[in-house]
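Subject: Structure handover

Hello,

Please find the structure below. My notes on the ligand site, the pockets and some backbone details follow it.

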Amino acid sequence: MTKLTENDVTPEALYLKRRHFIGLAAGSVAGLSMPALSQDTSALKYKPDALTGRSDLTSLRAIAGYNNFYEFGTGKGDPAEEAWRLQTDPWNVEVTGRAAKTGTFAFEDLIDMNALEERIYRLRCVEAWSMVIPWIGVPLASVIKKLEPTTDAHYVSFETLADRKQMPGIRARVIDWPYVEGLRMDEAMNPLTILAVGLYGKTLPNQNGAPMRLVVPWKYGFKSIKSIVKIGFTKNEPPTSWNKMQPSEYGFYSNVNPEINHPRWSQATERRIGEFGRRETLMFNGYEEQVTDMYRGMDLSKYY
Ligand SMILES: Nc1nc2c(c(=O)[nH]1)N[C@H]1C(S)=C(S)[C@@H](COP(=O)(O)O)O[C@H]1N2
Ligand SMILES: [Mo]
């Protein structure tokens, strides 16, 4: 089976609709066949990622088969096996805090399906593996602007669904459920930060955080919170799940940094899933140019 190359994808070839993303007319991607074109299509802008060649995409099989989504179990294969239980349509998100527009929003009210873009990003997990994922989504900034945060909203908080009927992993108290995350406002507004609703040209697999999940490519993977049901605008730094659990190991910022090791292992190198050997980990996961200004003057060993 062929992997995608730059030449396989044209802007015209990328179409999608809610629940049935149609993509990449080329036919098949990494061994999985694509659905036929639907009549209900909306144009999808294709934004190539200058940092990543198309040829090194991680296979869909690995992206959707090797996951961290503790709500469905702590094994890497558990989410792929269990996440079919998650009901993602209809989906509501509760918006709270320091914003003009708060209350309950349907998925469709927050995500403009006509504005979807493809973004190929590296995902670097704190466990020192990485993948290259062709996400589909919208800039988080576009959603935040719609909600009109007030000037004293300095942070954005996020919460995942925690429903033990749909999520068998909730029974284990590995995390103080619900899974929560947060970003500083400038990080949330950074053009690299997206709310992903799909990948490989199709709807997000449940195990990857359907129907919407955060993607913050210069931070360790755990910042990319899945299946979001709450967005809050706060004045103070919001609590985050991994920091609450192990504050000495996981800070609020969690920017990818090869020079600052996890207390129990090195972060200098990573294993790209699907490859043999290891790669060197890059500062800010290789997105240094786009994000370094946000952290000027901050001691990154203190704000890890
Ligand atoms: N709600 C929730 N979000 C989560 C997690 C989780 O367990 N629960 N795991 C995080 C971690 S540790 C990583 S590395 C990424 C993995 O995303 P992926 O499975 O799509 O590769 O999701 C993050 N988001
Ligand atoms: Mo992770």
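Helices (H or I, at least four residues) and strands (E, at least two) are taken as DSSP runs, numbered from the N terminus. Ala128, not a glycine, has a positive phi of about 75°, and is found in the loop between strand E8 (117-124) and E9.

The model is predicted, with local features needing pLDDT of at least 70 and side-chain atom pairs counted only at pLDDT 80 or more, while totals for chains, interfaces and linings use all residues. Residues are numbered from 1 along each chain as its sequence is written, chains are lettered from A and ligands numbered from 1 in the order written, and side-chain values use heavy atoms, without hydrogens and water.

Ligand site

Ligand 1 has 15 residues around it (a heavy atom within 4 Å), and Tyr70, Glu71, Thr160, Ser224 and Lys226 come nearest. By class, this shell has 6 nonpolar, 6 polar and 3 charged residues (Ala, Val, Leu, Ile, Met, Phe, Trp, Tyr, Cys and Pro are nonpolar, Asp, Glu, Lys and Arg charged, the others, Gly among them, polar).

A nitrogen atom of ligand 1 is 2.8 Å from a side-chain N or O atom of Glu71. An oxygen atom of ligand 1 lies 2.9 Å from a polar side-chain atom of Asn67, and a backbone N or O atom of Asn68 is 3.1 Å from a ligand nitrogen atom. The protein covers 99% of the 530 Å² of accessible area that ligand 1 has on its own (Shrake-Rupley, 1.4 Å probe).

Pockets

A pocket is an open set of points on a 1 Å grid over the protein atoms alone, where a 1.4 Å probe fits, with protein on both sides within 12 Å along at least five of seven lines; lining residues have an atom within 4 Å of a point. Ligand 1 sits in the largest pocket (more than half of its atoms within 2 Å of the grid points).

The largest pocket has a volume of about 420 Å³ (the space filled by probe spheres on the points, which are joined across faces, edges and corners). Its lining has 28 residues, with Asn68, Phe69, Gly221, Phe222 and Lys226 closest to the centre. Strand E9 (residues 129-139) gives the largest share of that lining, 4 residues.

The second largest pocket has a volume of about 240 Å³.

Regards

Definitions and conventions. A polar contact is a pair of N or O atoms within 3.5 Å; within protein, one must be able to donate a hydrogen and the other to accept it, and residues adjacent in sequence count only if both atoms are side-chain atoms.
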